[in-house]
Amino acid sequence: MTDLWMQFLLTADATLRISTPLILAALAGLCSERAAVIDIGLEGKMLGGAFTAATVSYLTGSVWLGLICAILACLLLALLHGFACITHRGNQVVSGMAINIVVAGLAPTLGHAIFHINGDTPPLPQGARFMALTLPGAEALRGVPVLGPIYAELISGHTLLTYATFALIPCVSFMLYKTRFGLRLRAVGENPEAVDTAGISVAWLRYRAVLIAGALCGVAGASLSTALGASFIRDMTAGKGYLALAAMIFGKWRPGLTVTACLLFAFTDALQARLQGVSLPLLGEIPVQFIIMLPYVMTVILLAGFVGKVVAPKADGIPYVKER
Amino acid sequence: MAQSKLPGWVNAGLIPALNLLTAFVVSGLVILAMGQDPVKAFGYMVYGAFGYGEAIGYTLYYATNFIFTGLAVAVAFHCYLFNIGGEGQAYLGGLGIGLVCLYLGDLPFWAVLPLTVLGGALFGAAWAAIPAYLQARRGSHIVITTIMFNFIGSSVMTFLLVDWLKRPGSQLPETSPFPESAWMPKLHELAGALGIKMAHSPANLALLIALLCCVGVWLFIWHTRWGYEIRAVGRNPDAAVYSGISPARAIMLSMLLSGALAGLMGVNELMGEQHRVVINFTNGCGFVGIAIALMGRNHPAGIVLASLLMGALFQGGAELAFEMPAITRDMIWTIQGFVILFTGALEHLYRPQLERIFLRGEATA
């Protein structure tokens, strides 16, 4: 029993770790889409952030500089997306796809030009990574029944970025629902005409939403290459951006539900890592490929079965044209 | 929005050309930032794509793949569906083609060919059917479901190639070679039979099948009732319902056709060149199809032109990576991404300026 309990704790611990970039990206998508700008480019921005963070951290030895540059790089990509979608009223899905493809090509190209090793970055040394933090008293309390292991295994031992992410969730929620800016941001996603009539710039509001999304993607990318992993590997996002998008849709564009969906996806992911090579009762050993596709299959089932028809922000994906 | 009053040649020729040029200029800046000579780089690319007979053959061979996936995306697009799943549909279509070739490949070629075309189309359509059904009946976001089906398809194929279809005694995740009667005749072989000399290259009969598909799609979309229904639903689903069209049926129809077209990609890649099913043979062609459809304005003629351009980019990019080792093949993706960005999302970049230039003349006349 204790063994099973420990297994569960370790899986839950991995869930928190894996969910960090997913939650950040999903919140990014949420901010963007609440202002009616579809963001398929989460994947590319995250990848760009991961590459920048790893490269700068490796070259300067400072993970903080890496994080800042990752955010700046993603802000640039977000500006590009905004320029295409808001200023030029281009197709938002196309712009996002283009960003994904550009970054998927550019990151390994630049990586190869800088490090000459197949497009990846070299492994990052200690100081150039976000290391796991041991919370005070974690070791001393480990012996306490039930609560001790929970504190030591589940709550303690994450990187700063993970703690920051979970602290950020209520902040994003507060920003969206309790501030004037959040109200306007949501309004611009539902009824931009009304916002325009009130004399508030639709374009500037949307730009700010897209930039917030960019900054969040930068942190998500940095968490991939400098906290979860210890170097940039080509295509290391491996569909996490799309998964975040699915979580956001599953969460009906609401922060709480979206984070729950992210945790669910991360849990399947943690579970698949644990299930590999394990022989289950009745089923026997499940082939690795089927375990790997678990999160994707679940996404489809959840979207089809439980969410039903989801209602996006009313103006989502529609460029705003001012009456002339 | 007011329809642009620009002359046709500006709309269909000058604007895409300017956008394309911008994409190449930006790519050139990236190459410059890497400390390489962009003019030399593009020189290698043009020579590598069109400079000699074999190069042209390779360009046509890549273009054939892109015609299939580009048509697939375009057909779905006419119904306003964003089929990002071309990659998975082409991959599974390849499975259908492979199974036919492996089990029935000993039949004479004239009998194998229609069976493989059928197999590829059926498997591709089947893989598109589930996202299509979920979109039509449950309102699940087709962009998300088709993306998920790419991942699922990739896992399924890896499983099949590693555990079930692997060539006995081989370590590689690939099937046994197809019997020779299931190989597509190469264009230079066909030309040779007619007494014409042509450079050796992997370009094969599948190019003609792709062109036939273009004609077929053109007839279907603009000259049949089903095509009309698809376009009507794409333009305005509410109005379509009022005229007695079922959006669900149009969605299913266009996605099944889309999947079938993507599934045919293997006819070129597997029967034409690989002669067996290999892992990841689609190599991103499904995604390139999105760019092709956008650049070609979802019209078969435009798709053929766009495919030629992308084929040239792929073949020229290979030459570039060979001649300038500092630039890897990944650069092709970067250039392609910029092409999608400037021809797709930023297609109106120069429109205001051009309208000023061309419509001012009109106003004074």
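The expected span is 1.5 Å times one less than the number of residues; helices (H or I, at least four residues) are DSSP runs numbered from the N terminus. This is a predicted model, in which local features need pLDDT of at least 70 and side-chain atom pairs count only at pLDDT 80 or more, whereas totals for chains, interfaces and linings use all residues. Residues are numbered from 1 along each chain as its sequence is written, chains are lettered from A in the order in which they are written, and side-chain values use heavy atoms, without hydrogens and water.

Of the 26 residues of helix 3 of chain B, 21 are buried, so this helix is largely enclosed by the rest of the structure. Buried means under 20% relative accessible area, exposed over 50%, and partly exposed in between (1.4 Å probe, protein chains only). Just after this helix, Tyr80(B) takes a positive phi of about 60 degrees.

The contact between the chains (heavy atoms within 4.5 Å) takes 42 residues from chain B and 44 residues from chain A. Together the two chains bury about 3700 Å², 80% of it on carbon and sulfur atoms; this area is the accessible area (1.4 Å probe) lost on putting the two parts together, summed over both. One salt bridge is counted between chain B and chain A, the term denoting a side-chain nitrogen of Lys or Arg within 4 Å of a carboxyl oxygen of Asp or Glu. Asp330(B) and Arg234(A) meet in a salt bridge through their side chains (3.1 Å, N to O). On the side of chain B that touches chain A, helix 5 (109-138), helix 6 (142-163), helix 13 (285-295) and helix 15 (330-345) of chain B each supply at least two residues. Helix 6 of chain B gives the largest share, 12 residues.

Two individual residues are set out below.

| Residue | Place | Relative accessibility |

Leu107(B) and Ser181(B) are 74 residues apart along the chain, with their C-alpha atoms separated by 6.9 Å. Not counting residues up to four places away in sequence, Ser223(A) touches Thr20(A), Pro21(A), Leu161(A), Leu228(A) and Gly229(A).
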